[in-house]
Amino acid sequence: MDVTEKLMAEIEARRDDLTALCQDLIRIPTLNPPGDNYREICDFLARRLEKSGFACEFVRAHGAKGDSDKYPRWNLVARREGTRSGDCVHFNSHTDVVEVGRGWTKDPFGGEVEDGKVYGRGACDMKGGLAASIVAAEAFIAVCPEYAGAIEISGTADEESGGFGGVAYLAEQGFFDPKRVQHVIIPEPLNKDRICLGHRGVWWAEIETYGEIAHGSMPFLGDCAVRHMGAVMTEMEDTLFPALAMKRTDMPVVPEGAKQSTLNINSIHGGENEQAADYTGLPSPCVPDSCRMVIDRRFLIEEDIDEVQAEIHAILQAVKERRATFTYDVRELQRVLPSMTEKSAPVVQTVARAISDVMGRDAQYVVSPGTYDQKHIDRIGRLQNCIAYGPGILDLAHKPDEYVGIDDMVDSAKVMGRSLVELLT
Ligand SMILES: [Zn+2]
């Protein structure tokens, strides 16, 4: 048996261990927000990884968005050196999960196994991927103890809320410096035969239109900010949405609908604040003097962030020309530039070969419609040899009765293990 065959047998033999690890991770409810049990899951991971010779470093993202003494943002970075110099392969998984929501028939934190699937919040996004990467690394170390370079495994906070207390913080601290780490695999649930090269860009902004408050019985004495916003929406419907639908990308974005530029109106609020649910009175009659809209614009690698902003300003200027009293502001809430690793990058080539060896079919290349922690590794860490690859079906993420298939975890662990053989031996 050659090394790869031995490793495949070793991973297969650890199927039950991999399942149990995934269950154990699901049973630590790391809900975000608010950011529960980050320390507990880091302690759990460290106990496990220290047994295989990893040196574990706990990093709290002091002062990052979301970090507080009540909800500290703990991250774990585990590193195991090889016996000679070489590249470092880093597996990065976020440990947080989103809220449970309604509609579950299984215990969301029970880690129940049924019909070859492990159920629970975070099963597919992404505790199944984290478990697969750990078992892949442990099996690789058992079979190839004399490897070159280093293996790192990180469990990081807050991906679901932007990653500022997680990967962004670690990147700022130099953990993703290309001198320290050369290949990054993020085991997000992109399906076991797909390599995700990157993601589209994001521009979140708040548009506010202004008016003048007056008695609701004499609206002509005021100026209605909500009607101004209505004019903005009409302009968007007439000109902006059709223009966005025409912009198509060459990025292999899935699903198909996300191959174009998109804009979501996340929220609109004008006039009086909503009262508490137990308020039994009526609203007071006022002409609203402010209306705010939050927009979520997702853009393509072919687009420039300045153009994206200019489009919104052009819409607002067009409205202004028709409405004498129209005034507005635009405030940026967040920007993330698109990120896409080249297909020729070493980690892409290696994982693609491993997928075709394990699965017997060619790897597919995709780009994610939404962002994930690759943005921080690319922009802050300046490391461009990064992909997302992991088990699980993307469509199940954040849904009720989320699950990950045990076969999928084992297969993707084999792909990760083969990739380690190629990169580190
Ligand atoms: Zn995720």
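Start by selecting Arg 14. Leaving out residues up to four places away in sequence, Arg 14 touches Val 135 and Ala 139; two residues are in contact when their C-beta atoms, placed from the backbone, lie within 7 Å. Arg 14 sits in the loop between helix H1 (3–13) and helix H2 (15–26). Helices are DSSP runs of H or I with at least four residues, strands are runs of E with at least two, and both are numbered from the N terminus.

Before going on, note that this is a predicted model: local features need pLDDT of at least 70, side-chain atom pairs count only at pLDDT 80 or more, and totals for chains, interfaces and linings use all residues. Residues are numbered from 1 along each chain as its sequence is written.

Next, colour H1 and H4 (residues 123–143). Their axes come within 9 Å and cross at roughly 130°; axes are lines fitted to C-alpha atoms, for helices over the stretch in contact, and angles run from 0 to 180 degrees between N-to-C directions. That makes H1 oblique to H4. For reference, angles under 35 degrees count as roughly parallel, over 145 as roughly antiparallel, 65 to 115 as roughly perpendicular, and the rest as oblique. On the H1 side, the contact is made by Val 3, Lys 6, Leu 7, Glu 10 and Ile 11, while H4 brings Val 135, Ala 136, Ala 139, Phe 140, Ala 142 and Val 143.

To see where they meet, select Val 3, Thr 4, Leu 7, Met 8, Ile 11 and Glu 12 in H1, together with Val 410, Ala 413, Lys 414, Gly 417, Arg 418 and Val 421 in H10.

Time for the inside. Which residues touch the most other members of the largest nonpolar core? Out of its 97 residues, they are Cys 22, Ala 131, Val 135, Ala 136, Val 351 and Ile 387. A nonpolar core is a set of buried Ala, Val, Leu, Ile, Met, Phe, Trp, Tyr and Cys residues joined through C-beta atoms within 7 Å. Helix H4 gives the most to this core, with 13 residues. The core also draws at least three residues from each of domain 1 (3–199 + 339–424) and domain 2 (201–272 + 281–336); these bounds come from an automatic or database domain assignment. A second, separate core has 15 residues, including Cys 224, Ala 225, Met 229 and Val 319.

Zoom in on Ile 387. Not counting residues up to four places away in sequence, its contacts are Ile 185, Ile 195, Cys 196, Leu 197, Thr 341, Val 347, Val 348 and Val 351.

Now zoom out and colour by domain. The C-alpha centres of domain 1 and domain 2 lie 37 Å apart, and 7 residues of domain 1 are in contact with 9 residues of domain 2. Strand E14 (residues 364–368) gives the most to the domain 1 side, with 3 residues.

Go to Phe 176, in the loop between helix H5 (167–172) and strand E7 (183–186). Phe 176 counts as buried because 26 other C-beta atoms lie within 10 Å. Among its contacts beyond four places in sequence are Leu 170, Val 181, Ile 377 and Leu 383.

Last stop: the backbone. Most residues other than glycine have a negative phi, and most peptide bonds are trans. The bond from Asn 32 to Pro 33 is cis, with omega near -5°, and Pro 33 is in the loop between H2 and helix H3 (38–51). The bond from Val 254 to Pro 255 is cis, with omega near -5°. Finish at His 398, where phi is near 70°, a positive value in a residue other than glycine.

Terms used:
Buried ≥ 20, exposed ≤ 12 C-beta atoms within 10 Å, placed from the backbone.
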